[in-house]
Amino acid sequence: SDDQWRVFCEDVVEQPAWTDDERIATIELRRQNREYAEGLVESAFAEHPREYWLDKLAASGIPYGVVRSMGEVVEHPQAHHREMFVEASSEVGPLPLVRFPLADAENGRHIPSVGEHTGEILAELGVDSDDIEKLQKAKVVSGI
């Protein structure tokens, strides 16, 4: 919002003049001149490390989010509490997997081999078993 922009400019990046800049003074103007606005913010953020900005944003009371590295995501306590990392069986052995958030954490997982379900899928599509076997023998499709 424009009120949050004012707080961001004055209290976070300490650039109160941005609130009067006719290119970015309102939400609509910031949308129209997004590249310009992003350039200003990126330049300001480049001046200090991430922790500095996180402290300033937290103190400001405006909404913000943290962009985490993959290492930080994997180590985050909430990800472990939610059991977001599971193993799946495969033909080469167990493999680590990021669980779909709505899937049951206890449910067994299996990564299918190439062609593992070809016959079933073709049968569901109405291909008869003799034709499936011919396709597999001709190496048109994979199959186990």
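1. E51 has a relative accessibility of 46%, so E51 counts as partly exposed (buried is under 20% relative accessible area, exposed is over 50%, and partly exposed lies in between, with a 1.4 Å probe and protein chains only). Please keep in mind that this is a predicted model, where local features need pLDDT of at least 70, side-chain atom pairs count only at pLDDT 80 or more, and totals for chains, interfaces and linings use all residues. Residues are numbered from 1 along each chain as its sequence is written, and side-chain values use heavy atoms, with hydrogens and water left out.

2. E51 makes a salt bridge with R50, with 4.0 Å between the closest N and O atoms (the rule asks for a side-chain nitrogen of Lys or Arg within 4 Å of a carboxyl oxygen of Asp or Glu). R50 is partly exposed too, at 35% relative accessibility.

3. R50 also forms a salt bridge with E72, and here the closest N and O atoms are 2.4 Å apart. R50 sits in helix α4 (residues 50-60) and E72 in helix α5 (residues 70-75), so this pair ties together parts 22 residues apart in sequence (helices are DSSP runs of H or I with at least four residues, strands are runs of E with at least two, numbered from the N terminus). Through shared partners, salt bridges join R50, E51 and E72 into one network.

4. Another salt bridge links R6 and E10, at 3.5 Å between the closest N and O atoms. The two are four residues apart in helix α1 (residues 2-12), so about one helical turn separates them. By the salt-bridge rule, the count comes to nine.
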